[in-house]
Amino acid sequence: MLVLGIESSCDETAAAVVADGERILSNVVASQILTHERFGGVVPELASREHLRRIGPVIDEACARAGVSLADVDALAVTEGPGLIGSLLVGVVYAKALAEALAKPVVGVNHLEGHIHAVMLENKIARAANPEIEIAEFPNVTLVVSGGHTVLYRVEADQGDDGTAHRPQFRYTRLGQTRDDAAGEAFDKVAKLLALGYPGGPVIDRLSTHGNPDAVDFGRVRMKGNPLDFSFSGLKTAVLYRVRGTALEREAEDRRQWQHDLRREGKRPAADELRTHCSQETLDLIASFQSTVVNDLVERSLVAAESEAVSSVFVSGGVACNSLLRLRAVEAARVQGLGCFFPSLALATDNAAMIAAAGFFKLAAGQRADVTLTAHASFPLGVESGARDVHVQNPNG
Ligand code: KG4
Ligand code: ZN
């Protein structure tokens with residue numbers, strides 16, 4: 001089954017053609033970074049306009065690269081939420097119109113479910129090339145960590161009666177989530193405060209290799225209540241207090257001006273050049289910030305895996321690109337005897353192949369959206385663990 005996936009929930013316009021939920025024939029992503037970077041964040045109105053401008057060409061490109069025409073596609077899958085409402089609407093309306101014109105079925109996919117499926121898709125691709133690679137199994141604990149979300153799920157796969165005729169259907173239980181900022185949002189806001197560019201995650205990741213992660217002791221993130229919840233706004237404020245009114249603030253101002261001047265000449269700072277505009281104190285500060293976020297993500301994910309008695313952890317979403325997170329999660333999981341699975345960088349950030357892969361299982365189970373399919377800015381995935389007793393030690397002691 002050839003599925004055309006369409007994703008437009010935030011600032012990437014993406015389309016992909018995926019065969020049988022496991023082979024990527026094309027995966028096209030048109031990034032809007034150049035549109036939003038001067039604002040240090042996504043401007044919703046500009047995002048919608050960019051999606052509108054690009055969605056047609058991006059879908060054409062996805063078909064061309066896959067070597068198929070729209071008529072060859074068997075079905076469509078589109079992100080219906082959560083995300084920016086104007087951005088989502090462009091994808092949903094386009095997908096519905098296309099499905100209607102082509103007389104093909106369409107299903108709506110939760111963006112977070114897409115991120116979870118990116119891990120399985122990656123594992124299937126890797127195993128097709130090398131069957132020795134460990135299989136990504138269920139049930140597992142999945143951390144979805146991006147610019148908009150930081151959520152821990154328990155993910156289960158129901159095989160159906162005969163295990164073959166019925167494609168597995170997935171069940172998601174929310175174990176914990178951020179109470180304020182998403183981890184990626186904290187990276188982006190700290191980068192904005194320090195005038196390091198947008199999006200902040202990749203820049204802080206690169207620059208942190210030149211800083212000392214133990215230079216600043218931010219302590220651990222402490223919260224009452226569910227130990228599987230996250231909170232990053234306090235840490236972001238702690239960074240702000242270390243910058244405000246100090247030499248670091250003046251240094252950031254100089255960097256802002258330098259980048260502003262470069263942009264006026266139509267140039268962007270190269271990574272190495274940016275580093276030469278950062279003092280060692282700034283590099284140490286961001287390395288310490290990154291290390292604190294990563295330790296918190298890893299620790300709570302492993303506490304969740306232990307309390308859920310699963311044997312593997314999946315990590316997905318834009319922040320799953322973070323090199324320190326990859327290192328520390330794999331190492332900590334190994335020590336605890338758990339499997340640890342990440343998508344490739346291209347499948348970790350927003351893309352439409354993950355939407356096509358998640359949509360495939362819904363389509364294979366006979367699900368079809370009707371004309372009422374619409375966009376949802378807020379669209380929680382799965383059920384709250386709620387009354388389920390989670391007997392865990394608070395990781396913060
Ligand atoms: O999944 P994604 O593409 O979009 C959302 O669904 O939000 O994630 C984008 C987020 C941004 O906040 C970006 O700064 C962050 O992922 N990100 C990273 C890295 N690469 C992207 N954060 C930390 N380290 C990275 N290497
Ligand atoms: Zn995302």
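Ligand 1 lies between domain 1 (2-136 + 347-383) and domain 2 (183-341), because both give residues to the shell around it. The model is predicted.

Q: Which residues come nearest to ligand 1, and how many residues are around it?
A: There are 19 residues around ligand 1, and Gly 147, Asp 188, Gly 201, Asp 205 and Gly 318 come nearest.

Q: What makes the pair formed by His 111 and ligand 1 a polar contact?
A: A polar side-chain atom of His 111 is 3.3 Å from an oxygen atom of the ligand. The cut-off for N or O pairs is 3.5 Å, so the pair counts as a polar contact.

Q: How much of ligand 1 does the protein bury?
A: Ligand 1 taken alone exposes 550 Å², and the protein buries 90% of that.

Q: Which elements give two or more residues to the shell around ligand 1, and which gives the most?
A: Helix H4 (111-129), helix H5 (183-193) and helix H6 (200-208) each give two or more. H6 gives the most, with four residues.

Q: How do you know that domain 1 and domain 2 are in contact?
A: The criterion is heavy atoms within 4.5 Å, and 21 residues of domain 1 are in contact with 15 residues of domain 2. The C-alpha centres of the two domains lie 27 Å apart.

Q: What is the area buried between domain 1 and domain 2, and which domain 1 residues lose the most?
A: The buried area is about 1,400 Å², with carbon and sulfur atoms giving 67%. In domain 1, Glu 37, Val 119 and Ala 348 lose the most area to domain 2, together 35% of what that side buries.

Q: Where are the cis peptide bonds from Phe 138 to Pro 139 and from Tyr 198 to Pro 199?
A: Pro 139 is in the loop between H4 and strand S6 (140-145), and the bond from Phe 138 has omega near -10°. Pro 199 is in the loop between H5 and H6, and the bond from Tyr 198 has omega near -5°.

Q: What makes the phi of Asp 20 worth a remark?
A: Most residues other than glycine have a negative phi. Asp 20 is not a glycine, yet has a positive phi of about 50°. Asp 20 lies in the loop between strand S2 (12-19) and strand S3 (23-31).

Note on methods:
Residues numbered from 1 in each chain as written. Chains lettered and ligands numbered in written order. Predicted model: local features only at pLDDT ≥ 70, side-chain atom pairs only at ≥ 80, totals over all residues. Heavy atoms only, no water. Near = heavy atom within 4 Å. Polar contact = N/O pair within 3.5 Å; in protein donor to acceptor, adjacent residues only side chain to side chain. Areas by Shrake-Rupley, 256 points an atom, 1.4 Å probe, with all protein chains shown as cover. Domains from an automatic or database assignment. Buried area = accessible area lost by both parts, 1.4 Å probe.
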